[in-house]
There are 2 protein chains.
Amino acid sequence: MAEIVWCVPNFSEGRRKDVIDRITAEVSAVEGVKLLGADPDPDHNRVVVSFTGTRKGVVEAAFRTVARARELIDLNEHEGEHPRMGATDVVPFVPVQGVTMNDCVEVAKEVGERIGNELDIPVYLYEKAATRPERENLANVRKGQFEGLRELIGKDPDRAPDYGPDHIHPTAGSVAVGARMPLIAYNVNLGTDDVNIAKTIAKSVRHLSGGYRHVKAMGFKIKERGIVQVSMNLVNYKQSPIFRVQETIRREAARYGVTVVGAEVVGLVPMEALVETAKWYLQLEDFQDEQVLENRIWE
Amino acid sequence: MAEIVWCVPNFSEGRRKDVIDRITAEVSAVEGVKLLGADPDPDHNRVVVSFTGTRKGVVEAAFRTVARARELIDLNEHEGEHPRMGATDVVPFVPVQGVTMNDCVEVAKEVGERIGNELDIPVYLYEKAATRPERENLANVRKGQFEGLRELIGKDPDRAPDYGPDHIHPTAGSVAVGARMPLIAYNVNLGTDDVNIAKTIAKSVRHLSGGYRHVKAMGFKIKERGIVQVSMNLVNYKQSPIFRVQETIRREAARYGVTVVGAEVVGLVPMEALVETAKWYLQLEDFQDEQVLENRIWE
């Protein structure tokens, strides 16, 4: 199968369309890379860009977007609600097909090194690419944001970058580069208007309160439908898979005489997460990925 | 999404590797077409070739393989267990992505017309491309095989070809060209050694005896595992989907106190059949195909 790495960099510009266009143009210019889209948020003044390609392709495309953002975005003039530490704020690489998480860690390090050396921007490796345990959590890396980091780099050894200079870039700030699993935004709807049931079930499946390791969950009321929802982020669908989480919610709801009335995937989901779900419910024996016709066509 | 037609022609040669290689080489030579494989069967003296491409691509590739088989295979010298009527025996086109069944019927007609006009081989349209109801069933089209058809074409009006001459080709015979859904070979294993339960359940789900319209089923014993199996061909997974058939089998088995212990897909399965299965079991609301990451990458 062809190798596919998914890259989802976030840039600190969600308002000036020409700037966003010039950043995404860098992606389209690289061979073997496909731009999936750009999702600007004017309130956060931030854009999420999404592209896929080979390891070699995404290294080049990611580097070029960071270089272009450094040229076009000045963090000193940036206002927006979302915490940020750089013109390019985060650059996560996600394994999709024919590549491992370790491959994506290597990709992150290669891009990080180039950004540090060639663009003079300090780089922090995060999540699976982290070189220190506390940097696995992006919130720790970004703590203090642009303005705070400006004072700390070069003084606080805990904030020393993995690559690049021991001082912040005066306009482009710093960049977090990492590797992670695809995140699935997944909600389960329950046939009751009692939000406490959703909240209680959210607690029972989420990691924070003793549930599945890779599940973040909250309970909400969906007023217009008169039902409630367990709203989740599944941050590792291989280890904490959709079907297991859903069946646990179903069982917990049944304890209150409540049924699952529906579910929803928000945004993108890797094919593998759905294929694994079908395999589990159908009890498939010895099923190989190569048996999916599309995997043969696209290999 | 890019258009993908799947073509699975069968040729009456399963022993001479050089002949098979020269036929598949015709596929590889066409732009926009991907050879998935060739599966020769020496006992049947027959090879199943599998390739995908755009409508334009598969028309050209299919025509070229038929031309090459006409040159290399003499049916007068063909021996094998499988019924056959031509050097190229059947050429089915299957819609996979971005094309409808009607598109595949058009593809079949275009290829059929070219085979008739340019190669002087009589062509019968079958399954969804059939021009007479009795020709929907390939067995009716192939009745009498090469030797029988040689006597009937030009005499029996029921056997008049859709394209090409009103006589058989002296060495290449005739060809059946059609359009059909992908076929899923699907087996469900039951935790009992009583083969009568598998046979009874097979009857309850198969079309022939009152079951689902697009299901063919038989009951077997799997001696080495001490269990039994409902072995099926699902010939239209959209109208008679995997999950519904499996859940019916599960319910019928429960009536005997028997459980489903496993299931298997033999060969290839379209991604859509598994995605629909996941959607059904997860009770997904408003899920769009474009939410599958791979569909965005490959569009």
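A:Q145 is found in helix α5 (residues 145–152) of chain A, where helices (H or I, at least four residues) and strands (E, at least two) are DSSP runs, numbered from the N terminus. The phi angle of A:Q145 is near 55 degrees, a positive value in a residue other than glycine. A:Q145 has 18 other C-beta atoms within 10 Å and is therefore partly exposed; a residue is called buried if 20 or more other C-beta atoms lie within 10 Å of its own, exposed if 12 or fewer, and partly exposed in between, with C-beta atoms placed from the backbone.

In chain B, B:D286 lies in the loop between α8 and α9, and its phi is near 55 degrees, again a positive value in a residue other than glycine. B:D286 counts as exposed because it has 8 C-beta neighbours inside 10 Å.

## How the model is read

This is a predicted model, in which local features need pLDDT of at least 70 and side-chain atom pairs count only at pLDDT 80 or more, while totals for chains, interfaces and linings use all residues. Residues are numbered from 1 along each chain as its sequence is written, and chains are lettered from A and ligands numbered from 1 in the order in which they are written.

## A largely enclosed helix

Helix α2 of chain B covers residues 55–72, and its 18 residues should span 26 Å at 1.5 Å a residue, which agrees with the 26 Å between its end C-alpha atoms; the expected span is 1.5 Å times one less than the number of residues. Because 13 of the 18 residues of α2(B) are buried, this helix is largely enclosed by the rest of the structure.

## Where the chains meet

In all, 35 residues of chain B are in contact with 35 residues of chain A, two residues being in contact if their C-beta atoms, placed from the backbone, lie within 7 Å. The elements of chain B that give two or more residues to this side include β3 (33–41), α7 (242–254) and β11 (260–266), and α8(B) gives the most, with seven residues.

## The relation between the copies

Chain B can be laid on chain A with an RMSD of 0.1 Å by a turn of 179 degrees and a shift of 0.0 Å along the axis, which is the relation of a two-fold axis. The copies are superposed by least squares on the C-alpha atoms of residues with pLDDT of at least 70 in both. Of the residues of chain B, B:A278 comes closest to the rotation axis, its C-alpha being at 2.3 Å.
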